[in-house]
Structures are given as structure tokens and as C-alpha cells.
Amino acid sequence: FLTRRSSILRKDDRKKSSSTSKETPADQKRKQIKLNATPREKKLLGGVVHPSNIKVTFNDVRAPADTIEALKTLTSLSLVRPEAFSYGVLAKDKIPGVLLYGPPGTGKTMLAKALAKESDTTVLEVSGSEIYDKYVGEGEKNVKAVFSLAKKLAPCIVFIDEADAIFGDRGAGSQRTSHREIINEFLREWDGMNDLSAFIMVATNRPFDLDEAILRRLPRRLLIDLPVEADREAILKIHLQGEDLEPDVDLTALAANTPFYSGSDLKNLSVAAALACVREENLTATTSAAAAGEDSSALSKNLKYPAKRTLGKRHFDIAIQEISASVSEDMQTLAAIRKFDERYGDRKGRKKKMGMGFGREREGVDEEAAMVRQREVGKGVGV
């Protein structure tokens, strides 16, 4: 019995050792972090996204080449060229963070995920609900936990979406004392973070609400603007990959007929068209089965559907009726974003007025009025 038991234990040990040997250094690091994390850090682990779990790449995002290049330079260049950061000004200082701002639905969050995927970097997503606490002083401790966990996860991108909820202007009279203390703690921790392998990325639709001290720590401010016509066509092609289209579907015409649509709006439009096709298939199958005299109790079991749906122009016509643009030329927030861009935005794109070059413009529609910044053809952005 003892001999049999010892052999079983040896087999178990071999299984454990083989499973451990399959673990990569990254997997072992994650396990170690979970074991050694403080209670506050463990609450933040739900926001940790590993690059292997991210499906978005830059091929899935339509963005200007200079925007993508700027993000790569700020985050991953130090990992690719560590010797260049071992002397001079780059050994002492770095760009501490980047601000992605623009109208809603233009792909700010997807850009952050694509960057993490391409640079093989872990993302720590942080929201206001994970920072704020009803007890005095707890919010500041949560902020400390964010930075301590980021250092353990390094190389790491700390991504703060809807940042205006956390970094709202302290000068506003309605702000509570706890809000001021949380921002002050963020600023202290931010200034003490000199590790080049940790980076702060902030995204917001309301950059004009951010505290000025936060803006000072975000010297690179990249506008993620509404897509122009050529970009809308490219975005539609991205979302409709894998779908069969009838010959009457003209994506160029569809892009021209969707002014003010953001990348998110175009995604919803594509989904709505596919759903319209599925509804049509259901109706056709049900009608055919009923005409053939199928019993109503067995009707749902005997319905015949096409092997693969095919989207036609009629489906997109229905989708346009159901999905409208979430941004319009008379939005007050759009005017406020434009004003912020003129004052704080990356000046590389604002040195001179550039024509929009929309190609085919709908009569009576001024797309230029809905853009934050004028751009050339193919320089817009979306997802």
C-alpha cells in the first residue's frame, strides 16, 4: 500500500512539474504578483489586461500614421532601444503621459488596446469607481495602490478612460475636498514615477474639464477626430470583414451618405444591417414553411436558412434609419473640444488651414463644421 501510494505521489509531482514547466516567465510573474498583492492592489487586478488577451491591433483601427507613430515612440521605444535612454536627458526625464481626446466613439480606447497588443505590454485599466471611496482618506490609498501595482506589472500602460470623472478641475466650486485630495495624491505619485517601463495614458471626451495640473503632466495631447469620407469607407470595410455583400452595396456611396458618423456609429450601422438581414431570413423561412403547409408546432424546427447571410443595399437603408450619427455640427461639446484643441492641442496638426477634401459632399451638409480640426483626405481617424 505504501509503495503504491508513493508511486501515485511521484506521478502527481511529475504532473505538477510538467505543468509548471509549460508556464512562461510572464505567467509566473502574474502568479507572483497575485500572491504578493496587497488587498487594495487585488481590487485593481480585475482591470489588468494582458496583451495575449487583447484581440485589437492597429489593422483594426483607422488612425493617422503620425498618431500611431507618436504613441509607439512614447511607450515602446525605450524597450526597443534601452541604450538610447541610458544617458543624457532621456536618462533623467521622460514624457510622463499622453492625452487622447476627441468626440465620443472615435476610437480612443481601441487605440490604447492596439498599442498594448503591438508593444506586448500589460494594460492596467483604472476607473473612477475603483478610486473613490465613501470613507475619508481611502481614495488616496487607492491611488497609491494604482501606482504600486503598475510598477509590479511593468512594462505597463496605466489607461484611465473617461478621465474627466477623476481629474475634473479642482477650481470648480462643486468639487468636494476628497476630490482635491485624490488629484493631489495622483500628482505626487505621478511625479515620483520615473520608471520608463510604466506609462500613463488618459482618454476623455471632455478635455476642457480636466484640471490644469493634470494637463501639465500630459505634454503630448493627441486629437482623435471624426473620420472623413475616405476613412469612413475604410472603417466600414474593417467591420464588414467576413460578410458577403450583394453587388448593389456601394461602400463608397455609403461613406458619402454618413456624414458626422464616428467609428462607433459605423460599427453599430454594420451590426444593424446584419441584424436586418437575419430578420429578413427568418421572415422568408417562416413564410416558405407556412406556405408548404408545415404544422405550427414543428414550424420552428423545420425552418431552412441560407448557409451564410448576404447583406444588400436594402439592409443598409434600414440600418441608416435605425442608427443616426451621435455627433452633430451644433453640439456644444464639439465647440468646446475645438476650443481646447486650439489652445492645448498638438500643434503639429494646426500650423496651417488644410482643406477637408471630402471628395463627394452631400448638398447642404457641411462636414467641416463637425470636425474638431481640418484635415486632408485620408488623415481622419476612426474605428
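**Burial, salt bridges and helix packing**

Reader: What percentage of the 383 residues of the protein chain counts as buried?

Author: Of the 383 residues, 43% count as buried. Buried means under 20% relative accessible area, exposed means over 50%, and partly exposed lies in between, with a 1.4 Å probe and protein chains only. The model is predicted, so local features need pLDDT of at least 70 and side-chain atom pairs count only at pLDDT 80 or more, while totals for chains, interfaces and linings use all residues. Residues are numbered from 1 along each chain as its sequence is written, and side-chain values use heavy atoms, with hydrogens and water left out.

Reader: How many helices and strands are there?

Author: The protein chain has 16 helices and 8 strands. These are DSSP runs numbered from the N terminus: helices are H or I of at least four residues, and strands are E of at least two.

Reader: What share of the contacts joins residues at least 24 apart?

Author: The figure is 82%, taken among contacts between residues at least 6 apart in sequence. A contact means heavy atoms within 4.5 Å.

Reader: Turning to charges, how many salt bridges are there?

Author: The count comes to 15 salt bridges, each being a side-chain nitrogen of Lys or Arg within 4 Å of a carboxyl oxygen of Asp or Glu. Side chains of opposite charge can pair when their charged atoms come close.

Reader: Which residue does D346 pair with?

Author: D346 forms a salt bridge with R220, at 2.9 Å from N to O. The two come from distant parts of the chain, 126 residues apart: D346 is in the segment after α16 (332-344), and R220 is in strand β6 (residues 220-223). R220 is partly exposed, at a relative accessible area of 25%.

Reader: And what about K308? Where is its partner?

Author: K308 meets D244 in a salt bridge of 3.7 Å, N to O. K308 is in the loop between α14 (263-291) and β8 (310-311), whereas D244 is in strand β7 (residues 244-245), 64 residues apart. K308 is partly exposed because its relative accessibility is 44%, and D244 is also partly exposed, at 32%.

Reader: Which residue forms a salt bridge with E280?

Author: R314 does, and the closest N and O atoms are 2.8 Å apart. R314 belongs to helix α15 (residues 313-322) and E280 to helix α14, 34 residues apart in the chain. Why is R314 classed as partly exposed? Its relative accessibility is 36%; that of E280 is 29%, which gives E280 the partly exposed class as well. Elsewhere, salt bridges that share partners join R40, E138 and K141 into one network.

Reader: How do α14 and α15 cross?

Author: Two packed helices are described by the angle between their axes and the distance between the axes. Here the axes come within 8 Å and cross at roughly 125°. The axes are lines fitted to C-alpha atoms, for helices over the stretch in contact, and angles run from 0 to 180 degrees between N-to-C directions. This angle makes α14 oblique to α15; angles under 35 degrees count as roughly parallel, over 145 as roughly antiparallel, 65 to 115 as roughly perpendicular and the rest as oblique.

Reader: Is the crossing left-handed or right-handed?

Author: α14 passes α15 in a right-handed crossing. Right-handed means that the near helix is turned clockwise from the far one by less than a right angle, and left-handed means anticlockwise. Residues making the contact include L269, A272 and E280 of α14 and R314, H315 and F316 of α15.

Reader: A new topic: is W190 buried or exposed?

Author: W190 is buried, at 3% relative accessibility. The residue lies in helix α10 (residues 177-191). Leaving aside residues up to four places away in sequence, W190 touches P96, F147, F167, I200, V202, I214, R217 and L218.

Reader: Which residues of α9 are buried?

Author: Among them are E138, V143, F147 and L153. Helix α9 (residues 138-153) has 16 residues and reaches 23 Å from its first C-alpha to its last, close to the 22 Å expected at 1.5 Å a residue. The expected span is 1.5 Å times one less than the number of residues.

Reader: Lastly, what is phi of D120?

Author: Phi of D120 is near 55°, positive although the residue is not glycine. D120 sits in the loop between α7 (108-119) and β3 (122-126) and is exposed, at 57% relative accessibility. F260 also has a positive phi, of about 75°, without being a glycine. F260 is in the loop between α13 (251-256) and α14 and is buried, at 15%.
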